Amino acid sequence: MNLDQPQVVLITGASSGIGLACALHLQQRGYTVFGANRHPRENAPFATLGMDVTDEQSVQDGIAAIVSQTGRLDVVVNCAGFSSVGAVEDHSLTEAREQLETNFFGRLCVCRTALPLMRQQRSGHIVNIGSIGGMVGLPFQGVYSAAEFAMTGLTEALRFETRSFGVHVTLIRAGDANTENTIHRHHARAAQQDSVYATHFRTTLNIMEQDERDGIKPDKIARLVEKIITSKSPRGVYTIGPIFEVFAAYARPFVPARFFEWCVRKYYRLG
Ligand SMILES: NC(=O)c1ccc[n+]([C@@H]2O[C@H](COP(=O)([O-])OP(=O)(O)OC[C@H]3O[C@@H](n4cnc5c(N)ncnc54)[C@H](OP(=O)(O)O)[C@@H]3O)[C@@H](O)[C@H]2O)c1
């Protein structure tokens, strides 16, 4: 990596929330930033691209456009995504596939498209923005958690594979952050109707949304991203979020499973 030139960074999901915070922060710190999402932001202070991560051609075209302008790609912050809520049973298979299509296959597609270039450069860093929901199966976010657990495994494996090519891969497991995620959320159609899970679902959703409002500012995650990509030996995994969530996620392996489950049920008032 030539540290004399500004590094070229692709951030997916850069029109709002965590991705936008990363794009603004890294742009300000002198990186050459390309923000990509389906509906590019007008008047953004960084270069924008239209990209749908569920469409392989659109990902390939976007990365090709960056390379034709800059000749390289140093960092990818893989952030595009959403969360789908509702009981597992209330998600149709189509709704569940949509969640995995974006949060898992979409990010996989971005990794696969960036990797040949990074291997050729013999340098690069992919930072996948994952979730504490990839460490703990969250009630009424089971389908989201499934995508995030998959992302955890994928990132860990990928890191072993790419190291010898000089390419770093890191997962950030984020807890609640105060972003537009809350309004962009998908609701399983059956969960909005006469669901047998309706009472517990509504209670859990209210708690979840309050936690998001009380969540960390996305800028904090942006600063962590900068710390990771400037580190000489970045770790594979970083966890960030409200202190209580980070503590609970780390404590989990050390407390009896029944006790942990009791705490989660109590927290979400699941009876
Ligand atoms: N906020 C949290 O509490 C939290 C916690 C842990 C993890 N996360 C994860 O972090 C990621 C970003 O969340 P956020 O909180 O920043 O949410 P957000 O404010 O809703 O931002 C989501 C971004 O993803 C883009 N996007 C969605 N689908 C896309 C697609 N198919 N192709 C390209 N871009 C797409 C959206 O732009 P367009 O609509 O224009 O495409 C938007 O820029 C998500 O994967 C989320 O699951 C969030």
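A residue counts as near a molecule or strand if its C-beta atom, placed from the backbone, lies within 6 Å of it. Keep that in mind for the first stop. The model is predicted: local features need pLDDT of at least 70 and side-chain atom pairs count only at pLDDT 80 or more, while totals for chains, interfaces and linings use all residues. Numbering starts from 1 along each chain as its sequence is written.

**Stop 1: the ligand.** Select the ligand and its shell: 34 residues surround it, and the closest are G13, G17, R38, G81 and N181. Two or more residues each come from α1, α3, β6 and α5 (181–184); helices (H or I, at least four residues) and strands (E, at least two) are DSSP runs, numbered from the N terminus. Colour the shell by class and you get 10 nonpolar, 19 polar and 5 charged residues. Here Ala, Val, Leu, Ile, Met, Phe, Trp, Tyr, Cys and Pro count as nonpolar, Asp, Glu, Lys and Arg as charged, and the others, Gly among them, as polar.

**Stop 2: α1.** Now pick residues 17–28, the 12 residues of helix α1. From first C-alpha to last, α1 reaches 17 Å, close to the 16 Å expected at 1.5 Å a residue (1.5 Å times one less than the number of residues). The helix is largely enclosed by the rest of the structure, because 9 of its 12 residues are buried; buried means 20 or more other C-beta atoms within 10 Å of a residue's own, exposed means 12 or fewer, and partly exposed is in between, with C-beta atoms placed from the backbone. Among the buried ones are G17, I18 and G19. Just past α1, click on G30, with its positive phi of about 100°.

**Stop 3: α2 against α3.** Show residues 56–70 and 93–121: these helices pack at about 35°, axes 9 Å apart. Axes are lines fitted to C-alpha atoms over the stretch in contact, and angles run from 0 to 180 degrees between N-to-C directions. On the α2 side, look for E56, V59, Q60, I63 and V67; they meet C109, V110, T113, A114 and L117 of α3 (contact means C-beta atoms, placed from the backbone, within 7 Å). These contact residues split into 7 nonpolar, 2 polar and 1 charged.

Stop 4: Most residues other than glycine have a negative phi. Go to F140, in the loop between β6 (124–131) and α4 (142–162), where phi is positive at about 65°. Is F140 buried or exposed? Buried, with 26 other C-beta atoms within 10 Å. Finish at R269, after α10 (257–267): its phi is near 55°, and R269 is exposed, with 12 other C-beta atoms within 10 Å.

Definitions and conventions. Two residues are in contact if their C-beta atoms, placed from the backbone, lie within 7 Å.
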